Amino acid sequence: MRVPNSVVLPVGTHVDCCREEEVEEKRHDIMTKIIAMLAERKSNLTHFIDNLEGIEEPEFYVDQWERLKEMESCTLTILNLVAVNCMDHRDIKKLEATILEHVRNEELFPEVVRVLPPVYRQVEAAIVAVAQSEEMAGHGMMDLQYLLSKLSECEHLANLGRELLQDILRYLHRIGLVVWYEEIEHLESTVFLQPTFLITMFKLLVRYRLVQQLENIS
């Protein structure tokens, strides 16, 4: 909801636990709730913006108003929910095919047809090699400047500059190969070459009914 031009593909799992008629019923229910949630969000943003514009001395709330307007301008495309049985390999392949079909849709992803300079592919290949090397720690975290020095050791990347590397990292972050939180001050100099490590950490820290689980511990 905070990323411009986001595209979301809802995926419903555990189809094997439902009867066939239940799957369609739940699919319809989930999509209805998502649409209602987006409508409520849009209404709330409009309400907050109107309140700020009608307040006395609005100049004190310019930053807040600008953030709300920016959020209001973020478009969100919700695709039809895909229901899968994770125990069935055929369903996993079906999900994979659906994802590929959507990401190749130029209307959804205009950048899919953009031609990248050869150096982008070279840096991508070099980063994959660094991430898979034996000296790479399991967490996959690496200092940005150190990563630049490692990549510069490659003969064809000897002249790679920090600014160009940052541009390439933004692209690799968008396609999910690496994670780089350049907008967060404490993380802007750290590149996560193993995004799956972050997923594992988030699964440990962010979970359903976490508060209740902690309260149940004697």
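Into which domains is the chain divided?

1. **Domains.** This is a predicted model. The chain splits into domain 1, covering 7-104, and domain 2, covering 118-201. Their C-alpha centres are 30 Å apart. Keep these bounds in mind for the points below.

2. **Overall dimensions.** The chain has a radius of gyration of 22 Å, whereas a compact globule of 218 residues would come out near 17 Å. The C-alpha trace spans about 60 × 55 × 55 Å along its principal axes.

3. **Burial and surface.** Of the 218 residues in the chain, 25% are buried.

4. **Secondary structure.** The chain contains eight helices and six strands. In sequence order the pattern reads β-β-α-α-β-β-α-α-β-α-α-β-α-α.

5. **Serine 6.** Where does serine 6 lie? It is in strand E1, residues 6-8. Serine 6 is buried, because its relative accessible area is 13% and the cut-off for buried is under 20%. Setting aside neighbours within four places in sequence, serine 6 contacts Thr75, Leu76 and Thr77.

6. **Histidine 14.** This residue deserves a look at its backbone. Most residues other than glycine have a negative phi. The phi of histidine 14 is positive, near 60°. Histidine 14 sits in the loop between strand E2 (11-12) and helix H1 (20-53). Its relative accessibility is 51%, so histidine 14 counts as exposed.

7. **Cysteines.** How many disulfides does the count come to? The count is zero. A disulfide is a covalent bond between the sulfur atoms of two cysteines. The rule asks for two cysteine sulfur atoms within 2.5 Å. For cysteine 18, the closest cysteine sulfur is that of cysteine 17, at 6.3 Å, so the two are too far apart for a bond. Cysteine 18 is partly exposed, at 25% relative accessible area. Cysteine 154 is also partly exposed, with 25% relative accessibility.

8. **Tyrosine 120 and tyrosine 171.** How many aromatic pairs does the structure hold? There are two. One joins tyrosine 120 and tyrosine 171 in an edge-to-face arrangement. The ring centres are 5.7 Å apart, with 65° between the planes. Tyrosine 120 belongs to helix H4 (residues 118-132) and tyrosine 171 to helix H6 (residues 162-174), so the pair ties together parts 51 residues apart in sequence.

9. **Tyrosine 181 and phenylalanine 192.** These residues form another edge-to-face aromatic pair. Here the distance is 6.2 Å centre to centre, and the planes make an angle of 70°. Tyrosine 181 lies in the loop between H6 and strand E6 (190-192), and phenylalanine 192 lies in strand E6 itself. The pair links distant parts of the chain, eleven residues apart. Tyrosine 181 is partly exposed, with a relative accessible area of 21%. Phenylalanine 192 counts as buried, at 6% relative accessibility.

10. **Glutamine 64.** Glutamine 64 is part of helix H2, residues 62-73. Its relative accessibility is 38%, so glutamine 64 is classed as partly exposed. From glutamine 64 to leucine 52 the separation is twelve residues in sequence and 8.5 Å in space, C-alpha to C-alpha.

11. **Methionine 201.** Which helix holds methionine 201? Helix H7 does, residues 195-205. Methionine 201 is partly exposed, at 31% relative accessibility. Methionine 201 and histidine 139 are 62 residues apart in sequence, with their C-alpha atoms 9.9 Å apart in space.

Methods
Residues numbered from 1 in each chain as written. Predicted model: local features only at pLDDT ≥ 70, side-chain atom pairs only at ≥ 80, totals over all residues. Heavy atoms only, no water. Buried < 20%, exposed > 50% of the residue type's maximum accessible area, 1.4 Å probe, protein only. Domains from an automatic or database assignment. Helix = DSSP H or I, 4+ residues; strand = E, 2+ residues; numbered from the N terminus. Rg over C-alpha atoms; globule rule 2.2 N^0.38 Å. Contact = heavy atoms within 4.5 Å. Phe/Tyr/Trp six-rings, centres within 6.5 Å; stacked < 30°, edge-to-face > 60°.
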